[in-house]
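My entries follow the structure.

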Amino acid sequence: MNYKKKIKLIIKSKITRNIKCLDGRFVRFKRVNLEWWSQKNNVGDCLSPVVCDYMLSLRGLSFDSKAKRTTHLMAVGSICGAGYMNETVWGSGIHHEILKGHVVRRSHENRILDIRAVRGPETEEFLNSQGITCPKVYGDPAIIMPLIYSPKDNTKMYKWSLISHISRKADIKVCDDIHMIDIETTDYKNFIDKIVRSERIISSSLHGIILSEAYGVPTVFLCDGMEDQMMKYVDWYRSTGRENFRFAKTIEEALSMEPMNLPELSSMRKKLMDSFPYDLWA
């Protein structure tokens, strides 16, 4: 490696990689910078600021509060290890694209990953394989949502509701007996209202599954089109102790399938909340 190239790598590794967030926003210095896809119209992506704002409010803090140093925080979503910045991870999971060739530890020399909690054992095992130690604290932060928002009307209106993964919306065709809940929204309250008014949910969206189960609605995982992303679903089910989870390959199969028992989330929720990285703030 020639001298100039080495200098450029050092600059990128130690300086410029921490200047921007994943979605292109410039960092706020001496602040904790929450990483989430702010430009996407997707319930799962918009939950991170909702949950983290709630957690900070419990201590009289906000993302405007001064931090000990400039930090990137990964919470809701499959963004653990994404990008090249130093990061603190609280409940994030690994995405299948990272497994295809992105090696977390070696993506940049001297990169710091401060792991407080991960979505589940799949993420933990992958990080361990990269030489990164994880505490055995599992849980997607979306399970905290029932503490943040409680629908006023839980009257059941729909026998079955379907939540399609955002990438599969155009391909889904359903009969009139199934109510569609659109994942492509940032109105999480309306989204949750529709979930709790359903007797049962069919979902190919991970956060459709997590929110439905967190709010006590039995859910069938529809894996059609999600075969290459199975890791994140396995991560969630394993985190709740359901190693041998069931899934449907078609909507017709899902309608005839008995949903798995709902997970008991109170203990997971407490451990996850106890692990929130308040110490990042001054």
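I am working with a predicted model, in which local features need pLDDT of at least 70, side-chain atom pairs count only at pLDDT 80 or more, and totals for chains, interfaces and linings use all residues. Residues are numbered from 1 along each chain as its sequence is written, and side-chain values use heavy atoms, with hydrogens and water left out.

Core. I looked up nonpolar cores, meaning sets of buried Ala, Val, Leu, Ile, Met, Phe, Trp, Tyr and Cys residues joined through side-chain atoms within 4.5 Å; buried is under 20% relative accessible area with a 1.4 Å probe, protein chains only. The largest has 72 residues, and Trp-90, Leu-127, Met-145, Leu-211 and Trp-236 have the most contacts inside it. Helix H2 (residues 43-57) gives the largest share of this core, seven residues. I also noted a second, separate core of ten residues, with Leu-162 and Met-257 among them.

Strands. Helices (H or I, at least four residues) and strands (E, at least two) are DSSP runs, numbered from the N terminus; two strands pair if DSSP finds at least two bridges between them. In strand S3 (residues 87-92), six of six residues are buried. S3 pairs with S2 (residues 71-74) in the parallel sense over two bridges, and Leu-73 stands opposite Thr-88. S3 and S4 (residues 113-118) also run parallel, joined by five bridges; Ser-92 has Val-118 as its bridge partner in S4.

Note on methods:
Buried means under 20% relative accessible area, exposed over 50%, partly exposed in between (1.4 Å probe, protein chains only).
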